[in-house]
Amino acid sequence: MPFARLASATTPTARIGLGLAAVGRPGYINLGREEDLPADRSVDALRERTHELLDAAYAQGVRYFDVARSYGRSEEFLADWLRDRPGVDDVVVGSKWGYTYTADWRTDAEAHEVKDHGLATYERQRAETAELLGDRLDLYQIHSVTPDSPALTDKELHAALAEAAAGGLSIGFSTSGPAQADAIRAALAVTVDGEPLFRTVQSTYNVLETSAGPALAEAHDAGLTVIVKEGMANGRLAEPHAPEALRAVADETGLGCDAVALVLRQPWAGVVLSGAATANQLASNLHAAVVDLGDDQLHRLAALTETPRAYWERRGQLPWH
């Protein structure tokens, strides 16, 4: 698996990846976006910002980069960066299919993305991804699987994904919604010719939303690489929005709320994504690699956990900025 490259890396930041959801398109739901991005959100301006972040991440030891078909031009921006740096041959690249970007580079679009987990969408988006990333793509994930997703039962789709896996591509899935644990366990049961189909799982997990934890531990025990997304809860765990308990623990450690919130301490977490939109945010996120919390601090953070339904209802109310 390509993630074996990360396991052999010597830098502590190798377990932190950079996701480009926040900079691959002009609109997203992260809090504080007005301050994080320039007023000019043209394609060229966000391409430049993305390349600055990729340069900074790579220089500081980050070796996993995460994009998706629905993250605006994130695949294109990453492909440009890789093409201009032919010596960068030690990174792992993951993308996702299943959502189509529909905002046409607008922040006020009625619909920013449309979900479809059918075989036809996979074949179309796989070709689109291949045109941009070619053989630099290591991991292709089904985007936001839920328990009712047809991707869990579509045998034709499974056969197509297994064929891609036989060609050397790692196949994974991401999850979202209040029933993430059910989706993870259902995906673990998917096999083709008696062999598990999926090699990675990417799920939302943070101090507010911990419900997927036991299922992610099961996935890890089954041999999957676990990727944690939305560790900052779309900005709810970053200054100035962080809860008082998190701010207090951060003050005690001398680090930022973001570094404390990112969950590198979970033994099943293979890669934890930073969704930084600025180089300063990224540098602060990377301090997560040195955070060491005591039992009392962990107990105070655990008290912040919300019910899955409440968390996902709040997330669904976040406006696109």
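What covers the buried residues of α11 includes β1 (16-19), α3 (43-59), α10 (257-261) and β12 (271-274), contact meaning heavy atoms within 4.5 Å. This is a predicted model, in which local features need pLDDT of at least 70 and side-chain atom pairs count only at pLDDT 80 or more, while totals for chains, interfaces and linings use all residues. Residues are numbered from 1 along each chain as its sequence is written, and side-chain values use heavy atoms, with hydrogens and water left out.

Student: Which residues in helix α11 are buried?

Tutor: Buried means under 20% relative accessible area, with a 1.4 Å probe and protein chains only; helices are DSSP runs (H or I, at least four residues), as are strands (E, at least two), numbered from the N terminus. In α11, which spans residues 279-286, the buried residues are L282, N285 and L286. They lie on the same side of α11, because the arc that they cover around the axis, taken from the directions from the helix axis to the C-beta atoms, is only 95°.

Student: How many residues of strand β7 are buried?

Tutor: In a regular strand the side chains alternate between the two faces of the sheet. In β7, S170, G172 and S174 are buried on one side and I171, F173 and T175 on the other. Strand β7 (residues 170-175) is therefore largely enclosed by the rest of the structure, the buried count being six of the six.

Student: Which residue in β10 stands opposite F173?

Tutor: Two strands pair if DSSP finds at least two bridges between them. Strands β7 and β10 (residues 200-204) run parallel and are joined by three bridges. Opposite F173 stands V201.

Notes. Buried < 20%, exposed > 50% of the residue type's maximum accessible area, 1.4 Å probe, protein only.
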